Amino acid sequence: MGRAFEFRKARKFKRWGNMAKTFTRLGKQIAIAVKAGGPDPDMNATLRSIIATCKRENMPKDNIDRAIKNALGKDQSDYKEVTYEGYGPFGIAVFVDTLTDNTTRTVADVRSVFNKFSGNLGTTGSLSFLFDHKCVFTFRKPDNLDMDDLILELIDLNADDEYDESYDEDKDETSISIYGDPKSYAAIQHYLEGKGFGDIAGEMTYIPNDLKDVTPEQRSTIDKMVEKLEDFDDVQTVYTNMKPED
């Protein structure tokens with residue numbers, strides 16, 4: 001496994017934050033999926049994958065059903081996906097994925113954190129060369145699954161030849177995460193579902209291709225910046241190119 005795999009593995013444990021914020025963020029994702037493709041998961045592949053993510057995050061079924069119902073309401077606000085990017089302290093690149101119904105509020109919130117930590121908010125696309133945009137699908141690993149064969153078949157769909165495998169002691173199951181070209185999201189999802197894998201959680205992510213070393217003191221400052229950004233309800237995920245701790 002390569003450097004990108006090690007980075008994903010190191011960040012996995014701090015993806016979402018506390019449970020209440022997780023449910024709020026997933027609820028917004030459901031709203032976007034429902035408005036784009038309708039409320040029936042059988043007919044809406046994006047919604048289907050988000051619901052699978054909800055299940056993996058232990059979001060109650062009532063919460064999922066309520067989010068779908070709210071998305072159909074006439075007064076439900078339309079959320080937009082907006083990514084902000086810039087440099088934080090010590091030259092660390094920072095990507096901020098948001099879902100917002102008020103971009104004026106969101107950009108002001110994000111900029112305030114960059115300013116507080118002596119960072120600079122850049123223009124859209126200015127730091128894209130430092131990150132690889134990927135789609136990722138996570139599912140329970142069935143018994144006797146031959147990963148070499150699966151990866152060989154998925155490579156034809158522009159999936160990566162590296163994957164994550166992790167064991168959950170509480171659920172007594174092993175999960176597999178497959179990464180690939182975002183443009184192949186639908187094709188990879190369709191293939192995995194055709195193989196009979198259940199509850200396939202799918203999403204987009206950014207993986208840094210130029211990791212930067214930092215001192216323990218610098219890491220503490222950057223972590224505080226990330227935490228401040230993640231405190232905003234509009235913020236979905238924050239990515240940096242800070243090298244993970246050993």
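Start with the lining of the second largest pocket: by class, 11 residues are nonpolar, eight polar and three charged. Nonpolar here means Ala, Val, Leu, Ile, Met, Phe, Trp, Tyr, Cys and Pro, charged means Asp, Glu, Lys and Arg, and the others, Gly among them, are polar. The model is predicted: local features need pLDDT of at least 70, side-chain atom pairs count only at pLDDT 80 or more, and totals for chains, interfaces and linings use all residues. Residues are numbered from 1 along each chain as its sequence is written, and side-chain values use heavy atoms, without hydrogens and water.

Select Gln29, Glu81, Leu99, Glu203 and Met204, which lie nearest the centre of this pocket among its 22 lining residues. A pocket is an open set of points on a 1 Å grid over the protein atoms alone, where a 1.4 Å probe fits, with protein on both sides within 12 Å along at least five of seven lines; lining residues have an atom within 4 Å of a point.

Next, select helix H2 (19-37), one of the elements that each supply at least two lining residues. Helices are DSSP runs of H or I, at least four residues, numbered from the N terminus. The axes of H2 and helix H4 (residues 61-71) come within 8 Å and cross at roughly 45 degrees. Axes are lines fitted to C-alpha atoms over the stretch in contact, and angles run from 0 to 180 degrees between N-to-C directions. Show Phe23, Gly27, Ile30, Ala31, Val34 and Lys35 of H2 with Asn63, Ile64, Ala67, Ile68 and Ala71 of H4, which make the contact (heavy atoms within 4.5 Å).
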